[in-house]
Amino acid sequence: MFTTYIFYFLSILAIYSAIMMLMSRKPIHSVLYLTLTFFTIAGHYILLNAQFLAVVHIIVYAGAIMVLFLFTVMLLNLNNEERSPKPGWIKMLAILSGGMLMVVLVGIFRTYDLVVSYNPHLTQIGLVKNLGKVLFEQYLLPFELASVLFLTAMVGAVLLAKKEQI
Amino acid sequence: MQNIVQNIQTLPISYYLFFCSGLFCIGVIGVLIKRNALVILMSIELMINSINLLLAAFSAYSNDPAGQIFVFFIMVVAAAEVAIGLAIIVVIFRSTNSLDIDVLNKLKW
């Protein structure tokens with residue numbers, strides 16, 4: 001009962017801030033609304049008892065990726081360019097196709113029900129200890145390859161963004 | 001405290017299905033509507049996040065930790081992709097002084 005109210009509150013807040021992200025004129029407002037969306041999604045992770053994912057989500061998305069976006073907007077001074085809108089009919093078509101995608105997805109998912117459903121607050125698979133065991137026993141190779149991926153991304157980003165030396 | 005935690009009921013999975021579909025479609029609309037390359041990148045991040053939440057929900061309800069591990073790796077890839085994407089946007093802005101995709105639609109500037 002209480003869970004349902006929290007879910008509705010977080011969902012409405014998430015969808016509201018996602019729509020406001022699309023409707024704001026300045027990019028800095030879009031970044032801030034997206035940060036609010038990420039916090040509501042972290043709330044959803046906590047509702048699912050996915051504690052590790054909730055904390056990692058806040059650290060990675062709200063703490064690193066959004067900070068990157070904010071730095072880019074502020075350092076490149078991208079905020080004073082208020083976008084000139086696309087033609088009205090293109091916007092209508094885009095909203096229509098997005099709406100049709102939503103209708104298709106809702107039509108698919110309406111009659112779906114899980115056969116066996118566990119309560120994640122009883123099975124506790126979202127805890128750091130249990131996830132850590134699975135991560136380091138079964139998925140050790142992707143874990144190590146992720147570090148190589150990060151090294152590649154760092155080298156690439158530095159190489160791309162540095163100024164040409166004459 | 002443990003009693004409170006264990007008494008939290010689970011919602012039917014369809015709640016999460018509809019909510020994540022809605023967020024995904026808002027992301028799709030964002031990619032199609034916006035002209036600023038930065039906001040398009042943010043809409044793609046919104047789509048990735050909706051999928052993350054759905055994967056975590058299914059993993060929690062099916063008692064399979066592989067879903068949440070997969071979400072962890074998706075976050076890894078998304079972080080790397082945002083870093084590279086923003087570096088590309090910085091380079092584009094530095095050389096052409098515009099981030100409008102209707103202006104930047106030529107392959108060679």
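Let me begin with chain A, which is divided into domain 1, covering 2–123, and domain 2, covering 127–166. This is a predicted model, and I shall describe it in that sense throughout. Taken over C-alpha atoms, the centres of domain 1 of chain A and domain 2 of chain A are separated by 24 Å.

The secondary structure of chain A consists of 7 helices and 0 strands. As to overall dimensions, the C-alpha atoms of chain A fill a box of roughly 60 × 45 × 25 Å along the principal axes. The radius of gyration of chain A is 21 Å, whereas a compact globule of 166 residues would have one near 15 Å. Buried residues make up 23% of the 166 residues in chain A. If we take the contacts in chain A with a separation of 6 or more, 60% of them join residues 24 or more positions apart.

I turn now to the contact between the chains. How many residues of chain B are in contact with chain A? There are 59 of them, and they meet 70 residues of chain A. On the side of chain B that touches chain A, at least two residues each are supplied by α1 (2–6), α2, α3 and α4 of chain B. The largest share of that side comes from α4(B), with 19 residues. By class, the side of chain B that touches chain A comprises 44 nonpolar, 12 polar and 3 charged residues.

In soluble globular proteins, nonpolar side chains tend to be buried together. Here the largest nonpolar core has 58 residues, and those with the most contacts inside it are A:Leu53, B:Met42 and B:Ala56. Which elements give two or more residues to this core? From chain A they are α1 (2–23), α2 (27–47) and α3 (51–75), and from chain B they are α2 (13–33), α3 and α4. Of these, α3(B) gives the most, with 13 residues.

A:Leu53 deserves a separate remark. Leaving aside residues up to four places away in sequence, A:Leu53 touches A:Tyr45 and A:Gly126 as well as B:Ala56, B:Gln68, B:Val71 and B:Phe72.

That brings me to α3(B) itself. This helix, residues 37–61 of chain B, has 25 residues and reaches 37 Å from its first C-alpha to its last, close to the 36 Å expected at 1.5 Å a residue. Is α3(B) mostly covered or mostly uncovered? It is mostly covered, since 19 of its 25 residues are buried.

Finally, two backbone details in chain B. Just after α3(B), B:Asn63 takes a positive phi of about 55 degrees, although B:Asn63 is not a glycine. B:Asn63 is placed in the loop between α3 and α4 (66–96) of chain B. Why does B:Asn63 count as partly exposed? The reason is that B:Asn63 has 16 C-beta neighbours inside 10 Å, and the partly exposed class lies between the limits of 12 or fewer for exposed and 20 or more for buried.

The second case is B:Asn97, in the segment after α4 of chain B. Phi of B:Asn97 is near 60 degrees, again a positive value in a residue other than glycine. B:Asn97 is exposed, because 9 other C-beta atoms lie within 10 Å.

Conventions: Residues numbered from 1 in each chain as written. Chains lettered and ligands numbered in written order. Predicted model: local features only at pLDDT ≥ 70, side-chain atom pairs only at ≥ 80, totals over all residues. Helix = DSSP H or I, 4+ residues; strand = E, 2+ residues; numbered from the N terminus. Expected span 1.5 Å × (residues − 1). Domains from an automatic or database assignment. Core = buried A, V, L, I, M, F, W, Y, C linked by C-beta atoms within 7 Å. Contact = placed C-beta atoms within 7 Å. Nonpolar A, V, L, I, M, F, W, Y, C, P; charged D, E, K, R; others polar. Rg over C-alpha atoms; globule rule 2.2 N^0.38 Å.
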